Structure formats: structure tokens, C-alpha cells
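I opened this notebook to record what I looked up, step by step. The structure comes first, then my entries.

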Amino acid sequence: MIHVEQYVVLSALIFVIGGIGFLVRRNVLVTLMSIEVMLNATNLALVAFNRARLTPSAMQTYAGQNLTGQVFAFFIIAAEAAEVAVGLAIVLALYRLRRTVRSDEADLLRN
Amino acid sequence: MTAPEAYFYVCALAAVGGALAVVLAKNPIRSAMGLLLLILSIAGLFLALRAQFLAAVQLIVYAGAIVVLFLFVIMLLGPAARTPSDRRGLFVRTGSGALFSLAGLAALGAVARAWSLTHRILPMPNPEPGFGGIDAFGSALFSDALVPFELSSALLMVAVVGAIAVARGRQGAKTLSRSEQEVSRTAQPVLSQDHSGVYGHELGAAAEHGAQPGERPL
């Protein structure tokens with residue numbers, strides 16, 4: 001039997017791995033992918049908690065089912081698609097300006 | 001070990017392996033493949049959690065759009081997408097990473113401590129049929145979550161326009177007339193200097209009046 005706690009621990013593990021990648025790596029592409037990893041981990045936690053709380057709250061009353069967590073995860077996926085589109089456009093603009101994809105060389109606003 | 005447990009552990013192992021591949025790989029293509037593995041295994045976990053529609057969305061949006069977009073950009077950048085490792089800022093970077101992992105370990109330790117005190121687990125009741133399917137999900141989306149759903153369409157619209165505006169760069173600042181657009185389109189292969197040696201003899205005429213000064217190929 002799999003419990004919600006196992007999903008949450010797995011989600012925390014993946015989130016920590018993604019956060020370390022975000023902090024340590026300097027390739028902007030890998031940094032963006034680390035953000036994807038972290039958001040995937042949060043989605044997993046949201047869906048797992050949704051599965052544990054099936055009875056509807058006052059907010060969600062459709063047919064006795066509570067889908068708040070899944071709807072949250074859906075909106076996170078939508079926001080993430082927008083984030084990736086803009087982020088990769090910024091990567092291309094940075095490459096055009098500086099001929100690099102290293103985040104520590106993106107210092108055009110310095111001084 | 002029952003079949004659901006084996007399924008969970010296989011998916012969990014693949015997810016952690018994919019996340020590690022994203023973070024550790026030197027080549028961004030391998031990072032993208034690790035991301036793909038993570039996305040596929042999390043879609044599998046969504047299926048086990050009775051979120052069928054979300055699993056399909058995960059496959060379509062992530063594996064179908066986001067990973068492909070990453071691969072496009074990596075291939076567009078070519079060898080520049082790989083950054084050689086050096087030791088600049090190594091202390092700050094590893095220190096921040098260690099601090100973050102310490103916070104994560106503390107959270108996991110708190111969870112383990114709470115569990116060892118109470119031994120209570122959150123029950124996972126069986127949902128009724130149709131839970132997480134497209135019918136129930138659509139009803140929830142179009143009744144309670146209608147306003148954020150409509151707002152998300154505005155968000156995606158703004159993101160598309162912004163991505164085009166940012167990615168086009170200075171070229172978007174001035175509006176080209178129709179004839180100038182024709183010229184710049186025919187001159188496009190010449191602007192990328194890598195091919196000018198190969199195709200130069202047939203496109204040399206187009207390059208004479210087509211190449212705009214100061215414009216660099218991407």
C-alpha cells in the first residue's frame with residue numbers, strides 16, 4: 001500500500017534536487033530546466049494531497065468530488081509553459097548580446 | 001511487494017534519476033533528456049494517483065512542447081550551449097546548494113520525527129469512478145475555476161507576444177517595408193556566415209544588396 005507520505009517525500013526529494021541545480025549550475029538552460037524539475041515536484045505533491053482529501057470543501061461541490069489540487073496543478077502547468085517561452089526568448093536575447101549562456105556573464109546592468 | 005508498490009518505486013526511481021540527470025549532466029541535451037524522463041515518470045505517478053487527464057496534459061504540454069522547445073534552443077545555440085566548468089564562484093555556489101539541501105533535509109527530518117511520534121498516516125480513500133477524468137475535471141474547471149482559467153488564456157497570450165518581442169531583438173524596433181522584407185528574406189542564408197562558403201557562388205548577388213550592416217547572425 002502506497003501512502004500519501006511517500007509521494008510527499010518523493011516530491012520533496014525531487015524539489016531539493018532541482019533547487020540545488022538551480023543554485024549551483026550556471027548554464028541558463030540548465031537553470032531553467034531545474035525550475036521545471038521543482039515545479040514538477042510541487043505538482044506531484046498537489047495531486048497526491050488531492051487524492052488524500054476526496055471529500056469536497058465548501059469551495060468545490062461538483063458531484064461530491066474535490067479536484068482542487070488537480071486544478072492547481074493544471075494552472076501551474078499553464079503558467080510554466082508561459083515561463084519557459086519567455087525564459088528561452090531571454091536566453092536567445094542574452095546569447096545575441098553576449099555570445100554566452102552563462103548566468104554570471106549576464107551583467108549588463110552592472111555599474 | 002505488491003504491483004502498485006512496485007509501480008510506485010519504479011516511477012520514483014526514474015523520477016529521481018531524471019532529476020539527477022538534469023542537474024548533473026554537462027551536456028544540456030542530456031539535461032533535456034533527463035527532464036523528459038522525469039516528466040514521463042511523474043505522468044506515470046499521476047496515473048497511479050487517479051489523475052488521468054492531468055497525466056495526458058503533462059505528456060502533451062511538457063514532453064510535447066516544453067522539452068521540444070528546450071531542444072530547439074539548444075540545437076540553435078549549437079556548441080555555445082555547453083558551458084565549460086571553471087572554479088569561479090565555486091564557494092558561494094556550493095555553499096548555497098549545501099544550505100538549500102540542508103533545509104530540505106531538515107524538512108524531511110521534521111516529517112520523520114512527526115511520523116515517529118504519532119504513527120498516523122493520511123488515509124488514501126478510493127475515489128468514485130470518473131475521478132480525475134476529463135468529465136469531472138472539465139466541470140470543476142468551468143464552474144469553480146472559471147475566472148483563473150480565462151485569466152490563464154490572457155497569460156499565455158501575453159507570454160507569446162513577449163517571447164516574440166524579446167527573441168526578435170532589435171530587428172523588431174524598426175518596421176521594414178514590404179520590399180525590404182523581401183530582400184532580407186532572400187538574403188537570409190547568406191547572413192549565416194557558416195554557409196556562405198558553400199552557397200556563396202549562387203547567392204552572392206543576393207548578398208550584395210541584402211546584407212544589412214551591423215546585423216549579426218544568430
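**Entry: a term I need.** I call a residue buried if 20 or more other C-beta atoms lie within 10 Å of its own. I also note that this is a predicted model.

**Entry: α3 of chain B.** I used that cut-off on helix α3(B) to list its buried residues. They are B:L54, B:A55, B:Q58, B:Y62, B:I66, B:V67, B:F70, B:V73 and B:I74. I then asked what covers these buried residues of α3(B). The cover includes α2 and α3 of chain A, together with α2 (28–48) of chain B.

I checked the length next. Helix α3(B) runs over residues 52–77 and has 26 residues. From first C-alpha to last it reaches 36 Å, close to the 38 Å expected at 1.5 Å a residue. I looked for a bend and found a kink of about 30° in α3(B), centred on B:Y62. B:Y62 is also one of the buried residues of this helix. Just after α3(B), I noted that B:G78 takes a positive phi of about 70°.

**Entry: α1 of chain B.** I repeated the exercise on helix α1(B), residues 3–24. Its 22 residues should span 32 Å at 1.5 Å a residue, and the end C-alpha atoms are 31 Å apart, which agrees. The buried residues of α1(B) include B:F8, B:C11, B:A12, B:A15 and B:G18. What do the buried residues of α1(B) pack against? I found α1 and α2 of chain A, together with α2 of chain B.

**Entry: the contact between the chains.** I counted both sides. Chain A gives 65 residues to the contact and chain B gives 76 residues. On chain A, helices α1 (4–24), α2 (28–52) and α3 (68–98) each supply at least two residues to the side that touches chain B. Which helix gives the most to that side of chain A? It is α3(A), with 21 residues. By class, this side of chain A has 45 nonpolar, 11 polar and nine charged residues.

**Entry: α3(A) against α6(B).** I followed α3(A) across to helix α6(B), residues 146–168. Their axes come within 8 Å and cross at roughly 10°. Angles under 35 degrees count as roughly parallel, so α3(A) is roughly parallel to α6(B). From α3(A), the residues that meet α6(B) include A:F75, A:A78, A:V86, A:I90 and A:L92. Among their partners in α6(B) are B:P148, B:L155, B:L156, B:V160 and B:V166. I sorted the residues of this contact of α3(A) with α6(B) by class: 19 nonpolar, two polar and no charged.

Notes:
Residues are numbered from 1 along each chain as its sequence is written. Chains are lettered from A and ligands numbered from 1 in the order in which they are written. This is a predicted model: local features need pLDDT of at least 70, side-chain atom pairs count only at pLDDT 80 or more; totals for chains, interfaces and linings use all residues. Two residues are in contact if their C-beta atoms, placed from the backbone, lie within 7 Å. Helices (H or I, at least four residues) and strands (E, at least two) are DSSP runs, numbered from the N terminus. Ala, Val, Leu, Ile, Met, Phe, Trp, Tyr, Cys and Pro count as nonpolar, Asp, Glu, Lys and Arg as charged, and the others, Gly among them, as polar. Axes are lines fitted to C-alpha atoms, for helices over the stretch in contact, and angles run from 0 to 180 degrees between N-to-C directions. Angles under 35 degrees count as roughly parallel, over 145 as roughly antiparallel, 65 to 115 as roughly perpendicular and the rest as oblique. The expected span of a helix is 1.5 Å times one less than its number of residues. The bend at a residue is the angle between axes fitted to the seven residues ending there and the seven starting there. A residue is buried if 20 or more other C-beta atoms lie within 10 Å of its own, exposed if 12 or fewer, and partly exposed in between; C-beta atoms are placed from the backbone.
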